Amino acid sequence: MKYFKVPDANLEVSNVVMGCMHLTELSKADARTLIETALEQGVNFFDHADMYDCGKCEVLFADAIEMNDDKRERMILQSKCGIVKCDGDGAYYDFSRSHILESVKGSLKRLKTDYLDVLLLHRPDALMEPDEIAEAFEYLHSQGMVRYFGVSNQNPMQMQLIQKSVKQKLVFNQLQLSIVHTPLIDAGMSVNMKLDQSIDRDGNILEYCRLNDVTVQAWSPFQKGFFEGPFLGDMENYAQLNQVIDRLAEKYSVKNTAIAVAWITRHPANMQVITGTTKPGRLADCCSGSQVPLTKQEWYELYKAAGNMIP
């Protein structure tokens with residue numbers, strides 16, 4: 001497992017993260033096996049959100065491993081807040097001071113811990129008041145309830161708007177990225193060209209994060225589109241890509257899942273890859289991609305095989 005130090009944070013993190021969104025699809029015993037597999041593979045970073053099964057994923061996580069101080073110190077726990085969809089009134093976003101504080105207190109209770117290593121604001125809230133966010137973050141940090149902060153799915157201007165008021169540095173941004181979902185990279189690959197690929201869809205957020213020492217966390221690393229299913233094994237839509245992946249998997253003696261992970265971890269931005277699998281074997285396969293040394297030629301070959309143009 002590859003580890004790296006997060007800039008502006010006293011965190012040494014694995015570049016593969018266990019995502020806990022689907023944890024409640026498992027029994028308590030199976031959840032314990034999955035978490036133990038992650039730890040055995042060297043994963044030290046676990047991603048939660050207060051809205052994952054309305055908090056039940058956090059409860060199961062802590063119960064499955066029988067959380068105590070010793071186990072807590074072996075883990076970096078991250079949770080997210082801001083999406084409200086468990087109150088029966090439909091989904092909306094809330095970055096108010098009161099909601100952030102209430103959400104964090106709930107996560108701490110469910111995870112059976114006194115602090116979160118990382119708190120992310122979950123997607124953008126169009127009605128956010130940065131000064132309220134600043135008040136919430138200052139309270140959480142001063143009380144030792146949250147060590148570090150970040151966002152998810154936000155562009156540079158949204159991050160700067162928050163950072164104008166917030167004293168604590170935003171050190172993470174969780175963004176969707178896979179070999180077949182590459183808006184983070186496409187516009188930069190085809191600058192000043194009259195192509196759909198050259199459309200800047202996110203304000204050059206990848207370059208912004210690199211310039212400002214923000215660690216990118218890639219979610220849905222095996223998905224095509226917005227939860228439209230995996231591209232691995234999809235020979236109808238991605239035959240050429242799968243052929244290249246299978247060839248490289250054989251070369252490096254890993255599974256195809258590992259190559260999909262390696263394509264992301266090969267990027268010099270030092271990204272983390274968030275896995276969402278509930279299968280211990282597949283999680284181990286993901287972890288084996290942590291340090292696969294793809295060459296530049298292989299990285300670009302995969303990018304092109306996914307249907308992108310290299311000018």
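1. In this predicted model, 56% of the 311 residues of the protein chain count as buried. That share rests on a cut-off of under 20% relative accessible area, computed with the protein chains only as cover.

2. As to secondary structure, the protein chain holds twelve helices and twelve strands. Its radius of gyration is 19 Å, close to the 19 Å that the globule rule gives for 311 residues, so the chain is as compact as a globular protein of that length. The C-alpha trace, taken along its principal axes, spans about 50 × 45 × 40 Å.

3. Because its relative accessibility is 57%, and the cut-off for exposed residues is over 50%, D70 counts as exposed.

4. Which helix holds E36, and is E36 buried or partly exposed? The residue belongs to helix α1, which runs over residues 28-40. With a relative accessibility of 37%, E36 falls between the cut-offs of 20% and 50%, and therefore counts as partly exposed.

5. A further point concerns the spacing of E36 and A64, which are separated by 28 residues in sequence, while their C-alpha atoms lie 9.8 Å apart in space.

Terms used: Residues numbered from 1 in each chain as written. Predicted model: local features only at pLDDT ≥ 70, side-chain atom pairs only at ≥ 80, totals over all residues. Heavy atoms only, no water. Buried < 20%, exposed > 50% of the residue type's maximum accessible area, 1.4 Å probe, protein only. Helix = DSSP H or I, 4+ residues; strand = E, 2+ residues; numbered from the N terminus. Rg over C-alpha atoms; globule rule 2.2 N^0.38 Å.
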